[in-house]
Amino acid sequence: INDTATSLSTTSIVQPEGYFYGLEVRGDALFTLNANFSDVSTLNVYSITSKTITQTKEVAIGASKIYFN
């Protein structure tokens, strides 16, 4: 990801599943939420450099926000 780019990248970092409902970036990590409104949602953490999932966690039903302390 280049902040001086003048066009969108054609390289995919994530393959969203279900309801792709939240997104945040911090350092080399891309945080995504796959929301589920009848069961737990899933938080996935991707390495932007390697384009792989580094962590997956079950979170609240209908989760849509990602906050950092």
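Figure 1. The four strands form an open sheet in the order 1-2-3-4, with antiparallel pairing; strands are DSSP runs of E of at least two residues, numbered from the N terminus, and two of them pair if DSSP finds at least two bridges between them. Strand 1 and strand 4 are the edge strands with a single partner strand each, so one side of each has no neighbour in the sheet. On average, neighbouring strands of this sheet are turned by 20 degrees against each other, direction ignored; the axes are lines fitted to C-alpha atoms. The model is predicted: local features need pLDDT of at least 70 and side-chain atom pairs count only at pLDDT 80 or more, while totals for chains, interfaces and linings use all residues. Residues are numbered from 1 along each chain as its sequence is written, and side-chain values use heavy atoms, with hydrogens and water left out.

**Figure 2. Confidence along the chain.** The average pLDDT (the predictor's confidence in each residue, from 0 to 100) is 89 for the chain, and 99% of the residues score at least 70. Confidence is lowest in strand 1 (residues 19-26), with a mean of 90, and highest in strand 4 (residues 52-59), with 95.

**Figure 3. Strand 2 and its two partners.** Strand 1 is joined to strand 2 by seven bridges, and the two run antiparallel. They form a hairpin with two residues between them, and Gly 27 in the turn has a positive phi of about 60 degrees. On the other pairing, six bridges join strand 2 (residues 29-35) to strand 3 (residues 41-47), and this hairpin has five residues between its strands. Thr 32 of strand 2 stands opposite Leu 23 and has Asn 44 as its bridge partner in strand 3. Asn 34 is paired with Thr 42 of strand 3.

**Figure 4. Lys 51 in the loop between strand 3 and strand 4.** Lys 51 is found in this loop and has a positive phi of about 60 degrees although it is not a glycine. Most residues other than glycine have a negative phi. Lys 51 is partly exposed, at 37% relative accessibility; the class lies between the 20% limit for buried and the 50% limit for exposed.

Notes. Axes fitted to C-alpha atoms, helices over the stretch in contact; angles between N-to-C directions. Buried < 20%, exposed > 50% of the residue type's maximum accessible area, 1.4 Å probe, protein only.
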